[in-house]
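Please open the model in your viewer and keep the sequence panel beside it. This tour goes from stop to stop, saying what to select next and what is to be found there.

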Amino acid sequence: MHKPKPNPVRIIKNLIILTGCVAAFFWMFFDILKRETVVSHDASVLVMGTNATFKPFEYKEGGQVVGFDVDLAREIAKELGAELKIEDMSFDGLLPALEGGRIDIAVAGMSVTEERAKNALFSEPYYQATQRIIVPEDSKIFNKSGLIGKKIGVQLGTTGDILASEIKGAKVIQFPAAPNVLRELASGRVDAVILDDAPATQYITAFTGLKVLSLPIGNESYAIAMKKSNHTLKEKIDQTINHMKEDGRMDALLRKYFGENR
């Protein structure tokens with residue numbers, strides 16, 4: 001029995017297909033690698049993940065994401081020689097997005113905690129925040145002890161969520177965004193809200209009959225999160241934050257979003 005002679009045309013076609021598949025594989029591999037450590041590979045785009053429901057740090061205005069954190073990230077991108085791209089997503093999805101290489105930095109009024117530091121690398125702090133209790137004006141809740149056994153509204157995945165979970169007998173109700181939490185409080189479906197001081201002050205103006213208690217229940221630092229292994233990016237971001245503190249750009253940002261008294 002004679003073996004069929006090889007078809008040169010078919011062999012060439014198969015080689016072209018095989019070469020194309022190999023090239024596509026390596027293109028995808030290096031694209032993923034580049035996106036995981038954009039700046040360390042001198043790429044031209046810095047991808048910022050945020051949750052644009054946290055005024056004045058990140059919020060929507062005219063269809064654009066703006067705010068303190070956006071301005072800060074633009075300064076960082078400028079010093080890195082990169083273009084800033086913003087990805088708006090749920091707050092609790094930010095650290096998984098970092099780990100998966102879908103974003104380079106998470107800038108979202110994110111407080112540094114021991115638990116978060118297990119999964120992400122954090123920059124130098126750029127803002128000092130406090131946690132506040134928000135209640136109806138006629139509420140009998142005056143401090144943290146008054147929250148025992150109450151329904152507490154929080155933004156999912158925030159430090160307010162963590163603090164509320166530690167209160168004895170409290171029923172913690174989680175929402176995806178700060179405005180959602182305050183709407184629940186205004187409608188009487190929760191007894192109190194725990195929220196960071198700056199967004200609490202900003203958003204409460206849209207709701208009548210609510211007040212922010214003067215006594216803070218926690219102090220914390222906001223910082224920029226990066227993938228755990230990206231020490232090169234951390235070093236560059238820390239340098240930018242420190243330069244901004246030294247040359248007055250950070251103070252200018254604080255005055256822009258918080259006024260002269262901050």
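Two residues are in contact when they have heavy atoms within 4.5 Å of each other. What you have open is a predicted model, in which local features need pLDDT of at least 70 and side-chain atom pairs count only at pLDDT 80 or more, while totals for chains, interfaces and linings use all residues. Residues are numbered from 1 along each chain as its sequence is written, and side-chain values use heavy atoms, with hydrogens and water left out.

Switch to a cartoon view, where the protein has nine helices and 14 strands; helices (H or I, at least four residues) and strands (E, at least two) are DSSP runs, numbered from the N terminus. Of the 262 residues, 45% are buried, where buried means under 20% relative accessible area, exposed over 50%, and partly exposed in between, with a 1.4 Å probe and protein chains only.

Strand E1 (residues 45-50) runs parallel to E5, and six bridges join the two, with Thr 50 having Asp 88 in E5 as its bridge partner.

Now select E2, E3 and E4, three strands that make an open sheet in that order with antiparallel pairing. Here the edges are E2 (53-54) and E4 (64-66), each pairing on one side only. Between E2 and strand E3 (residues 58-61) there are two bridges, and Thr 53 stands opposite Tyr 59 in E3.

**Second stop: charged side chains**

Side chains of opposite charge can pair when their charged atoms come close. A salt bridge is a side-chain nitrogen of Lys or Arg within 4 Å of a carboxyl oxygen of Asp or Glu, and a search of the whole structure finds 10 salt bridges.

Show Lys 60 and Asp 88, whose closest N and O atoms are 3.6 Å apart in a salt bridge. Lys 60 lies in strand E3 and Asp 88 in strand E5, so this pair ties together parts that are 28 residues apart in sequence. Lys 60 is partly exposed, with a relative accessible area of 49%, and Asp 88 is partly exposed too, at 39%.

Which charged residue is buried yet has no salt bridge? Select Asp 196, in strand E11 (residues 192-196): the nearest side chain of opposite charge, Arg 116, is 7.6 Å away (Lys and Arg count as positive and Asp and Glu as negative, while His and the chain ends are not counted). Leaving aside neighbours within four places in sequence, the contacts of Asp 196 include Phe 54, Thr 130, Glu 220 and Tyr 222.

Asp 161, in helix H5 (residues 159-165), is likewise buried without a salt bridge, and Arg 116, the nearest side chain of opposite charge, is 7.9 Å away.

Select helix H8 (residues 231-247) and helix H9 (residues 249-258), which pack at an angle of about 80° with their axes 4 Å apart; axes are lines fitted to C-alpha atoms, for helices over the stretch in contact, and angles run from 0 to 180 degrees between N-to-C directions. That makes H8 roughly perpendicular to H9, a term covering angles of 65 to 115 degrees.

Within H8, the side chains of Asp 238 and Lys 234 meet in a salt bridge (2.9 Å, N to O), and these residues, four apart in the helix, are separated by about one helical turn.

Finish at Leu 253 in H9, which is buried, with a relative accessible area of 9%. Not counting residues up to four places away in sequence, Leu 253 touches Phe 68, Asp 71, Leu 72 and Met 244. Its C-alpha atom is 9.4 Å from that of Asp 69, although Leu 253 and Asp 69 are 184 residues apart in sequence.

Conventions
Two strands pair if DSSP finds at least two bridges between them. Angles under 35 degrees count as roughly parallel, over 145 as roughly antiparallel, 65 to 115 as roughly perpendicular and the rest as oblique.
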